[in-house]
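Please read it alongside the sequence and the coordinates shown here.

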Amino acid sequence: MRVYLDDERATPAGWTRVYWPDEAIALLETGGVTELSLDHDLGDDDRGTGYDVVLWIEKAVATRGFRPPKIIVHSANTSARLKMEAGIRAIERMAQ
């Protein structure tokens, strides 16, 4: 399954759309996610951001051997994108 986390953009064909980090995490927990595309700003920071998903994956990899999917960032928020990409690099190093 390919999961697309975003609050505004159209969902690409072949992707499953989620709007909130908890929805993405629930799908990740199933073990069936092969690719994940993340936006950062989702319209309600109290409900979370795409970075929260990166943090969850990083912790799951470090503490319980979670095997992460391929992760892409499609956020237009430049500073958040850089922060998320740094987290993804850390995940990739840990998962090797």
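Predicted model: local features only at pLDDT ≥ 70, side-chain atom pairs only at ≥ 80, totals over all residues.

Turning to the aromatic residues, a search of the whole structure finds two aromatic pairs. The rings of Y4 and W15 have their centres 6.2 Å apart, and because their planes stand at 70 degrees, above the 60 degrees required, the pair counts as edge-to-face. Y4 belongs to strand β1 (residues 2–5) and W15 to the loop between β1 and β2 (16–18), so this pair ties together parts that are 11 residues apart in sequence. Y4 is buried, with a relative accessible area of 7%, and W15 is buried as well, at 15%.

The other pair is formed by W56 and F66 and is also edge-to-face. It links W56 in helix α2 with F66 in the loop between α2 and β4, 10 residues apart, and both W56 and F66 are buried. The geometry of the pairs is set out below.

| Aromatic pair | Centre to centre | Angle between planes |
|---|---|---|
| Y4 and W15 | 6.2 Å | 70 degrees |
| W56 and F66 | 5.3 Å | 75 degrees |

A further contact with a ring involves a charge: the charged end of K83 sits over the ring of Y51, 4.4 Å from its centre.

For the protein chain as a whole, the secondary structure comes to three helices and four strands, which follow the pattern β-β-α-β-α-β-α when read along the sequence. The radius of gyration is 12 Å, which agrees with the value near 12 Å that a compact globule of 96 residues would have, and the C-alpha atoms fill a box of roughly 35 × 30 × 20 Å along the principal axes. Buried residues make up 45% of the 96 residues. Of the contacts with a separation of 6 or more, 59% are between residues 24 or more positions apart.

Methods: Residues numbered from 1 in each chain as written. Heavy atoms only, no water. Phe/Tyr/Trp six-rings, centres within 6.5 Å; stacked < 30°, edge-to-face > 60°. Helix = DSSP H or I, 4+ residues; strand = E, 2+ residues; numbered from the N terminus. Buried < 20%, exposed > 50% of the residue type's maximum accessible area, 1.4 Å probe, protein only. Lys NZ or Arg CZ within 6 Å of the ring centre and 35° of its normal. Rg over C-alpha atoms; globule rule 2.2 N^0.38 Å. Contact = heavy atoms within 4.5 Å.
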